[in-house]
Structure formats: structure tokens, C-alpha cells
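Biologist: Could you take me through this fold feature by feature, giving the general idea before the particular case?

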Amino acid sequence: TQLAKELGIQIQVWTLATLDPTDLKGIPFVKKITNLLFPKRTIHAIPSVLPKSNWNGKNNKGGILFLDEFNRGSSYVHNAALSLINNGKIDDYKLPSRWLIVAAGNKLSDLANMAGSEMSAEMMNRFTHINLVPTVKDFKSFAKDKENTNPDILEFLSFNTSYLHKMEDDPNILADYPSYATPRSWIAASREHYQATGKNWDNKLPYDTIKR
């Protein structure tokens, strides 16, 4: 969303974990045609959420179709998306020429079986892969301007950099306690701490409260 705003382009976000194949291909229905050999045929209704040619914005720069939680989508959804990703087409639908498809997901090694399923070889081959690695330097640059960012957390991470993004890979532990250290969870913890102090870092909390 930030990138689309900076580039002045549109963005359409789908979470594949919540989609069915018909959300991409559309619901089939019977249409009458003039062909005497086949007076009726089954076609798919084009889903309204698919980008249209008039969605390119005032500057006609196009946009990004962003497929989030990609590897948590089912194999059936992946199969429905393959034609769109490979050719920019699904049946009678064609992706506008100025639109790009971008996908995101977690590595299976990061979240054990909670990350989803492995992408097929043919699907992986359709993408350029970029591995995003968070750093304490980037996190501190992002967090320093937020008044509700706990300065103690930033100091802690400066001396314990491995805790910025410390994933738990034991599925048994994740099933009982699906929480782990990430930039997102540090911000969430910091905001909760900020509220507990009455929005004043000078008000120190008891150790047990901070630990929780």
C-alpha cells in the first residue's frame, strides 16, 4: 500500500487463505448463443473484484494485484490463479496491461505447518523471489518517531538483535501459544505497555506486569 501510494498507482489486495477457486474464476452459468451446433454453453461470470481497464487511475499508471498469504491458499485456489499469474488471463478475463501481480507469504521453515503449504515447482517458477529480512536498524528507524514505542524495547533489541524476529518452529508449542517475537509483536507489546503507563513512560510498571 505504501509503495502504491508513492508510485501513484492503484492496488487491489486479496488474501488467498480466504478465497475459493470460484472467487478467481467466477461462478459458472449457462449462456445462450447463436451457434447452431452449440446453442448453449457454460461460461464463468467475471468476479467484480478483478481489476478492470478503467481502474488504472487518473494518470493511467495501472496498479498492483497483491496476493497476500499466498502459500496459505489451497492447491485448488493456486490452480485457478496459475493462468492469471502465467498469462494474465482467466477464461474471458484479461488483466489490464499496466497491472502487475505481486504475492507474499511466509517460509515454511519460519512457522512450521502454520505457514501453509509448499508452492508447486511450476508456480514457484512464475515468480521472481525476494526474501525480506528485518533488521534492528530498520526497525529502530521505523519505530523512533512513534510516541508509543517503548524506548526500553529499542534498547533491549540493540543488545539482543536476535530477538527482533525470533520464530518458534515447534508446532506443538505454536498450537498452545502461537506468539513469537516479530517487529509486529514488539510494536503491539509496546502499545499495550504505553496504555498501561497512562501514556507516560515516566510511570514505571511493576516487573510482573512488564513481564506479562
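Modeller: Let us begin at a helix end: just after H9, Gly-198 takes a positive phi of about 75°. Helices (H or I, at least four residues) and strands (E, at least two) are DSSP runs, numbered from the N terminus. This is a predicted model, in which local features need pLDDT of at least 70 and side-chain atom pairs count only at pLDDT 80 or more, while totals for chains, interfaces and linings use all residues. Residues are numbered from 1 along each chain as its sequence is written, and side-chain values use heavy atoms, with hydrogens and water left out.

Biologist: Which residues other than glycine have a positive phi?

Modeller: Most residues other than glycine have a negative phi, and most peptide bonds are trans. Here Glu-69, with phi near 50°, is found in the loop between strand S4 (63-68) and helix H3 (75-87). Lys-199, whose phi is near 60°, has its place in the loop between H9 and H10.

Biologist: Are Glu-69 and Lys-199 buried, partly exposed or exposed?

Modeller: The classes rest on relative accessible area: buried is under 20%, exposed is over 50%, and partly exposed lies in between (1.4 Å probe, protein chains only). Glu-69, at 22% relative accessibility, counts as partly exposed, whereas Lys-199 is exposed, with a relative accessible area of 51%.

Biologist: What span should helix H9 have?

Modeller: The expected span of a helix is 1.5 Å times one less than its number of residues. For the 14 residues of H9 (residues 183-196) that gives 20 Å, and the end C-alpha atoms are 20 Å apart, which agrees.

Biologist: Which residues of H9 are buried, and what covers them?

Modeller: An α-helix has 3.6 residues a turn, so residues three or four places apart point the same way. In H9 the buried residues are Trp-186, Ile-187, Ser-190, His-193 and Tyr-194. These residues cover an arc of only 125° around the axis, which puts them on the same side of H9; the arc is that of the directions from the helix axis to the C-beta atoms. Their cover includes helix H6 (136-143), helix H7 (151-159) and helix H10 (207-211), where contact means heavy atoms within 4.5 Å.

Biologist: Which residues are buried in H7?

Modeller: In H7 they are Ile-153, Leu-154 and Leu-157. Seen down the axis of H7, they fall within an arc of 100°, so they line one face of the helix, and what covers them includes H6 and H9.

Biologist: What is the order of the strands in the sheet?

Modeller: Strands of a sheet pair through backbone hydrogen bonds, either parallel or antiparallel, and two strands are taken to pair if DSSP finds at least two bridges between them. The open sheet of three strands has the order S1-S4-S7, with parallel pairing. S1 and S7 stand at the edges, each with a single partner strand, so one side of each is left without a neighbour in the sheet. The twist averages 20° from one strand to the next, with axes being lines fitted to C-alpha atoms, for helices over the stretch in contact, and angles running from 0 to 180 degrees between N-to-C directions.

Biologist: How many bridges join S4 to each partner?

Modeller: Six bridges join strand S1 (residues 10-15) to S4, and Trp-14 stands opposite Leu-67 in S4. Five bridges join S4 to S7, with Leu-67 opposite Ala-103 in S7.

Biologist: How many residues has the largest nonpolar core?

Modeller: A nonpolar core is a set of buried Ala, Val, Leu, Ile, Met, Phe, Trp, Tyr and Cys residues joined through side-chain atoms within 4.5 Å. The largest has 21 residues, and those with the most contacts inside it are Leu-24, Leu-65, Leu-67, Phe-70, Leu-84 and Ile-85. The elements that give two or more residues to this core are S4, H3 and strand S7 (99-103), and its largest share, five residues, comes from H3. A second, separate core of ten residues includes Val-136, Phe-139, Leu-154 and Ala-181.

Biologist: Where is Val-77, and what does Val-77 contact?

Modeller: Val-77 has its place in helix H3 and, at 0% relative accessibility, counts as buried. Leaving aside its neighbours within four places in sequence, Val-77 is in contact with Leu-16, Leu-19, Asp-20, Pro-21 and Leu-24. Val-77 and Leu-16 are 61 residues apart in sequence but 7.4 Å apart in space, C-alpha to C-alpha.
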